[in-house]
Amino acid sequence: MKIMQMTLVPLFVAAVFTFGVVAHAEEQRVPAFKLTSLEGKKFTQDDLNGKVTLMVFWASWCGTCKHELPGISGLQEKMKKQGFQVLAVGFSDAEANVRKYVTANPRTFNFPVFYDTGDRVASQWDVRGTPTLFLIDKKGQIVLSHAGGGLLESRAFQKKLDTLILSPS
């Protein structure tokens, strides 16, 4: 039994980091926050109202983030005319590293990028790792959270996104 546990635990941990974990949040209001984009635009929780939003907490050193961000960019491009937006929040990293990565990968970042000074917003949102993603409805309610990679391949995510896009408010 111990041999089985010793084998299964590392496999489970590897799967979580590779494929992520989707948690269906009981709808909860987005915590109050203030961020400034790398271009200097101010943004608060009130700017989420009226759009379905995917909030992505990431870091430039995160291999899973580097793998997932181009797909998220593709989703943004595909869905932007349907009232969907992506917001990327760099945290657990130096601001210079975030800026450098964004500048070096302009095709990946077709959405606003913010830097979370002191990881304050990540802490408010109870982010414990990178990447962590939150799907937010048009009323500013968190409806789904995801830690790790693989969110875009998740049927639960795709179904929830489609439902939110089609809902009137």
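Student: Which strand holds Gln-85?
Tutor: This is a predicted model, where local features need pLDDT of at least 70 and side-chain atom pairs count only at pLDDT 80 or more, while totals for chains, interfaces and linings use all residues. Residues are numbered from 1 along each chain as its sequence is written, and side-chain values use heavy atoms, with hydrogens and water left out. Strands here are DSSP E runs of at least two residues, and helices are H or I runs of at least four, numbered from the N terminus. On that basis Gln-85 sits in residues 84-90, strand β6.

Student: Is Gln-85 buried or exposed?
Tutor: Take the cut-offs: buried is under 20% relative accessible area, exposed is over 50%, and partly exposed is in between, using a 1.4 Å probe and protein chains only. Gln-85 comes out at 10% relative accessibility, so the label is buried.

Student: Which side chain does the side chain of Gln-85 make a polar contact with?
Tutor: Look at the neighbourhood, where contact means heavy atoms within 4.5 Å. Leaving aside neighbours within four places in sequence, Gln-85 is in contact with residues including Phe-43, Leu-54 and Thr-53. A polar contact needs a pair of N or O atoms within 3.5 Å; within protein, one must be able to donate a hydrogen and the other to accept it, and residues adjacent in sequence count only if both atoms are side-chain atoms. The pair here is 2.9 Å apart, and the partner is the side chain of Thr-53.

Student: And Gln-141, which backbone nitrogen does its side chain reach?
Tutor: Gln-141 lies in strand β9, residues 141-147. With a relative accessible area of 18%, Gln-141 is buried. At 3.2 Å, its side chain reaches the backbone nitrogen of Arg-29.

Student: How many residues of strand β8 are buried?
Tutor: Strand β8 covers residues 132-136. Thr-132, Phe-134 and Ile-136 point one way, Leu-133 and Leu-135 point the other way, and all are buried.

Student: What is the bridge partner of Leu-135 in β9?
Tutor: Two strands pair if DSSP finds at least two bridges between them. β8 runs antiparallel to β9, with 5 bridges joining them, and β8 is also joined to antiparallel β5 (residues 52-58) by 5 bridges. In the β8 and β9 hairpin, 4 residues lie between the strands and Gly-140 takes a positive phi near 85°. Across in β9, the partner of Leu-135 is Leu-144.

Student: How many salt bridges are there?
Tutor: The rule asks for a side-chain nitrogen of Lys or Arg within 4 Å of a carboxyl oxygen of Asp or Glu. Lys-80 with Glu-77 qualifies at 3.2 Å, as does Asp-126 with Arg-128 at 2.9 Å. Glu-95 and Arg-99 also meet in one, at 3.1 Å. The count comes to 3.

Student: What separates Glu-95 and Arg-99 along helix α3?
Tutor: Side chains of opposite charge can pair when their charged atoms come close. Glu-95 is partly exposed at 32% relative accessibility, and Arg-99 is partly exposed at 35%. In helix α3, residues 95-104, they are 4 residues apart, which means a separation of about one helical turn.

Student: How many disulfides does the structure hold?
Tutor: A disulfide is a pair of cysteine sulfur atoms within 2.5 Å. Cys-62 is buried at 4% relative accessibility, and Cys-65 is buried at 1%. The number of disulfides is 0.
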